[in-house]
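Have the 3D view ready as you read.

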Amino acid sequence: DGNLADMDLNASWVPGLIGGALSFDGGDGLVRVADTQTLRLGQGAGKQWTTSLWYKKMNQTTDPVQLLAKQSIASSHYTDYNLFLEINYAYWGTGASTDAGAWMKTPEPQAYVWQHIAGTLNQKDQNSGTKTIFLNGRQVQTGNYFIKTEANATDLLFGSNFNGLLDDVRIYDRALGAAEVSELYYQGLGR
């Protein structure tokens, strides 16, 4: 909807898996997309959403790496949505890191290879719902989510502390099913 027209780009465009990718050097480079109402997904009864992207990590690190983050104003531990890497795991998070069910993780595959990660949230009521994390087209974990996170007016960030490439970043206002996430994965592989 034009959000990328309002982005602060501190990364470079390079050939990617699907067209062009953003290249990050692991330093202070990141992409900041100005907040808009469409990016304030929040939570609550009937809310559904999906985040999805391809990444290629160029080094093995134990430092936290933000692939995609819409962080709350209150604290860096409160988020609307967050895909990140840390200590050999890939995470999908919503809410406070201390809240039950707010974060899901899966062992992260090797560096130097394109990986597809997606996270979905299907909110049943104001305080509970179902979350799922997918890696390379495969559903790896589903669980209940028991906490409410308010939408916020912060910017959307890509690539903070990341040394590698990001491609085909997507945010949906609905929870994609397993077959749809698998289709995104196979499309990226050119199948």
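Y186 is partly exposed, with a relative accessible area of 36%. Buried means under 20% relative accessible area, exposed over 50%, and partly exposed in between (1.4 Å probe, protein chains only). Y185 is buried, at 16%.

This is a predicted model: local features need pLDDT of at least 70, side-chain atom pairs count only at pLDDT 80 or more, and totals for chains, interfaces and linings use all residues. Residues are numbered from 1 along each chain as its sequence is written, and side-chain values use heavy atoms, leaving out hydrogens and water.

## Rings in pairs

Rings of Phe, Tyr and Trp (its six-membered ring) pair if their centres lie within 6.5 Å; planes under 30 degrees apart count as stacked, over 60 as edge-to-face and the rest as tilted. By this rule the count comes to seven aromatic pairs. One of them is stacked: W54 and Y185, 5.6 Å centre to centre with 15° between the planes. Y185 also pairs with Y186, this time edge-to-face, at 5.0 Å and 70°.

Elsewhere, W49, Y81 and W92 form one aromatic cluster.

## Inside the core

A nonpolar core is a set of buried Ala, Val, Leu, Ile, Met, Phe, Trp, Tyr and Cys residues joined through side-chain atoms within 4.5 Å. Which residues touch the most other members of the largest one? They are L67 and I117, out of 29 residues.

Leaving aside neighbours within four places in sequence, L67 is in contact (heavy atoms within 4.5 Å) with residues including L53, F84, I117 and F162.
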